[in-house]
There are 2 protein chains.
Amino acid sequence: MVNSERQGIMMPRTTTARGDAIAAAADLFRRQGYAATGLETILAASGAPKGSFYHHFPGGKEDLAVEAVRLGGRQIAERLEHAAAVTATAGALVTAAAAAQAADLRESGYELGCPVATVTLELAGRSDEVAGASQSAFDCWAESLAGKLRAAGRTDAEAARLARWAIANLEGALLLARAARDASIVTEAAEITARVLDEGTAPRDQ
Amino acid sequence: MVNSERQGIMMPRTTTARGDAIAAAADLFRRQGYAATGLETILAASGAPKGSFYHHFPGGKEDLAVEAVRLGGRQIAERLEHAAAVTATAGALVTAAAAAQAADLRESGYELGCPVATVTLELAGRSDEVAGASQSAFDCWAESLAGKLRAAGRTDAEAARLARWAIANLEGALLLARAARDASIVTEAAEITARVLDEGTAPRDQ
């Protein structure tokens with residue numbers, strides 16, 4: 001059987017329709033959650049025809065949740081990679097990442113928090129695929145930080161543990177910032193985390 | 001006009017019906033999110049008659065979201081107050097809170113994470129009431145920790161900042177733990193946070 005997606009002329013259009021649906025879903029899930037977002041809304045936002053939806057996503061809407069988490073994971077990973085290239089330490093990388101996330105929050109009227117967290121909390125309890133995609137995203141982000149920590153002399157185990165802890169802090173700060181509608185929660189939390197990562201001490205009386 | 005809720009004999013039943021609906025909604029929202037949980041499911045779980053629902057919750061299902069966040073906020077606040085009474089330091093309090101949350105995760109097959117986070121991420125962007133209830137819950141939890149930090153000689157501002165940072169860390173760790181289905185993420189993150197709060201230093205090579 002020939003898969004039409006693999007036939008030259010069809011590929012760009014098909015790839016775009018699939019990618020457009022994922023991008024539209026990811027944006028909507030990030031702002032308002034998975035369950036609140038109907039398939040019709042996603043299709044309308046993406047401009048994709050309904051007829052091809054189950055061709056691209058045989059598992060239905062849950063496939064979109066997995067792909068949205070993967071997309072969000074890659075977007076933040078790319079942001080971290082770019083920041084890692086121009087920062088010297090793990091703390092500086094955390095500070096840069098927090099500043100970018102805080103800007104997303106402010107510029108979106110506090111709608112754009114973490115692109116992975118909401119779908120994870122909604123679906124991780126009942127979808128192994130979503131839980132796995134979310135775990136991969138968090139692990140990937142932590143690895144960016146762990147590289148900096150190893151370069152600063154931390155052991156592999158210590159770097160992994162501290163990196164995951166720092167990602168957890170950033171995630172939690174994004175949650176608190178959405179509730180308070182105050183992005184400074186993210187940058188202030190990152191300031192403390194950065195100091196701990198780089199200097200091994202918590203700040204006092206700044 | 002006499003409110004039937006205030007008439008002796010009616011009060012217990014009415015109060016119970018409202019409280020039962022809130023408790024059932026809070027449990028369902030915590031496991032699977034707000035939008036995924038239909039009103040019929042909540043009423044079936046609580047045993048409350050549908051007829052009185054809009055009497056108790058004139059704002060409809062969104063009222064339940066606010067009340068569920070308030071209930072979750074109080075439950076964790078009580079847990080923190082009890083733990084604060086038997087722990088000496090902020091770090092010990094974080095460790096105790098993390099152990100309790102990790103136990104909730106494990107015992108529920110990773111369905112019972114933070115009782116506030118999921119609804120917050122789903123609704124904070126479009127409901128001032130939910131955002132406010134979530135912010136109050138996070139602030140209340142942080143205040144338990146801040147009290148310990150002030151008792152240990154931190155300034156008010158420093159205690160408030162570190163306490164919020166520690167709550168953010170616990171929240172993020174609960175999120176990562178649900179994705180990985182590994183509650184040790186919560187206890188390990190708390191170990192680092194506790195050390196920073198109590199000793200002012202990050203652990204090395206434990």
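Is Glu143(B) buried, partly exposed or exposed? Glu143(B) is partly exposed, because its relative accessible area is 41%. Here, buried means under 20% relative accessible area, exposed means over 50%, and partly exposed lies in between (1.4 Å probe, protein chains only).

Some ground rules. This is a predicted model: local features need pLDDT of at least 70, side-chain atom pairs count only at pLDDT 80 or more, and totals for chains, interfaces and linings use all residues. Residues are numbered from 1 along each chain as its sequence is written, chains are lettered from A and ligands numbered from 1 in the order in which they are written, and side-chain values use heavy atoms, with hydrogens and water left out.

Back to Glu143(B). Its side chain forms a salt bridge with Arg150(B), at 2.7 Å, N to O. A salt bridge is a side-chain nitrogen of Lys or Arg within 4 Å of a carboxyl oxygen of Asp or Glu. Arg150(B) is partly exposed too, at 31%.

How many salt bridges are there over all chains? The search finds 22. Another one joins Arg70(B) and Glu67(B), at 2.9 Å. Arg70(B) is partly exposed, at 41%. Glu67(B) is buried, at 15%. In chain A, Arg18(A), Glu67(A) and Arg70(A) are linked in a salt-bridge network.

Next, Arg164(B). It is partly exposed, at 27%. Leaving aside neighbours within four places in sequence, Arg164(B) is in contact (heavy atoms within 4.5 Å) with Leu176(A), Ile185(A), Glu188(A) and Ala142(B). Arg164(B) and Ala142(B) are 22 residues apart in sequence, yet 5.3 Å apart in space, C-alpha to C-alpha.
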